[in-house]
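Hello,

Here is the structure I promised to pass on. Please have a look at it first, and then read my notes below.

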Amino acid sequence: MGRGLFITLEGVEGSGKTTQARLLAEALRARGRRVTVTREPGGTRAGEAIREIFLDAAVSLNVAAELLLVLADRAQHVSEKLKPALDAGEILISDRYSDSTTAYQGYGRGFDLALLGELNRLATAGMAPDLTIVLDCSVETGLARTRERAKASAQRFDRFEGEERAFHARVREGFLNIARGEPGRVTVIDSERPLALVSGEILAQVEELLARRCL
Ligand code: Z5A
């Protein structure tokens with residue numbers, strides 16, 4: 001079977017990736033498409049175990065350890081889940097992928113971007129998304145949304161939610177820089193707007209790409 005379509009959703013915390021991944025999958029399934037939704041870190045048994053350590057605010061990780069953990073998660077995710085789904089011709093939606101490493105560990109933590117590019121290539125085995133949607137909102141909006149959600153569900157704070165505002169601002173700028181550098185792959189969508197408007201724009205982008213690829 002031919003290759004499917006690989007879509008990633010990226011953006012700062014609270015920008016709406018998880019919600020939009022679900023809405024996009026529902027809309028595509030309603031049109032008869034086979035869709036897998038997954039996330040990073042996570043998405044495999046090994047990945048979910050890595051996620052526990054990676055997000056635990058009580059676990060101290062230096063920059064290199066943090067980077068290598070998320071890359072280990074990605075390498076397993078690509079071979080165990082992403083590649084098989086794409087080889088089976090599915091539409092694969094991943095809530096975060098390699099651009100998150102560039103934005104968080106590169107722009108956020110200051111890791112060398114060229115070296116990160118090499119390491120990402122190793123972890124992804126060269127597998128790049130066909131379409132990346134960066135959901136863009138202000139740091140304040142994103143954090144307010146996740147705090148509201150945490151209050152409602154008594155969720156604990158993760159390691160990233162405790163970071164200072166400047167860190168999240170660098171991450172946001174990182175995503176916007178990635179989009180400026182790769183306009184053919186990456187589209188920025190303003191996610192400060194109501195959910196239905198945002199999901200409509202994402203679906204339109206995906207349908208346009210499916211038509212262009214004759215899928
Ligand atoms: N990380 C990394 O450092 N390096 C890497 O390579 C990778 C990840 C892959 C994963 O945390 C952390 O790992 C992440 C980066 C780091 N940490 N940070 N920051 P996660 O998966 O637990 O969290 P997240 O990816 O940041 O997602 P999130 O906090 O769950 O946010 P979201 O998925 O973007 O948003 P949401 O859950 O869809 O929505 C949040 C709330 O806002 C929810 O109540 C929604 O109903 C509401 N919402 C969403 N959209 C709207 C609109 N348009 N209007 C109003 N309300 C909305």
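Which residues are buried in α7? They are F167, H168, V171, G174, F175, L176, I178 and A179, where buried means under 20% relative accessible area, exposed over 50% and partly exposed in between, with a 1.4 Å probe and protein chains only.

Before the rest, a word on the source: this is a predicted model, in which local features need pLDDT of at least 70 and side-chain atom pairs count only at pLDDT 80 or more, while totals for chains, interfaces and linings use all residues. Residues are numbered from 1 along each chain as its sequence is written, and side-chain values use heavy atoms, leaving out hydrogens and water.

Now to the aromatic rings. The structure has six aromatic pairs (Phe, Tyr or Trp rings, the six-membered one for Trp, with centres within 6.5 Å; planes under 30 degrees apart are stacked, over 60 edge-to-face, the rest tilted). Y104 and F175 make an edge-to-face pair, because their ring centres are 6.2 Å apart and their planes stand at 75 degrees. Y104 belongs to helix α4 (residues 98-108) and F175 to helix α7 (residues 165-181), so this pair ties together parts 71 residues apart in sequence; helices here are DSSP runs of H or I with at least four residues, strands are E runs of at least two, and both are numbered from the N terminus. Both Y104 and F175 are buried. Together with F54, F160 and F167, they form one aromatic cluster.

Enjoy exploring!
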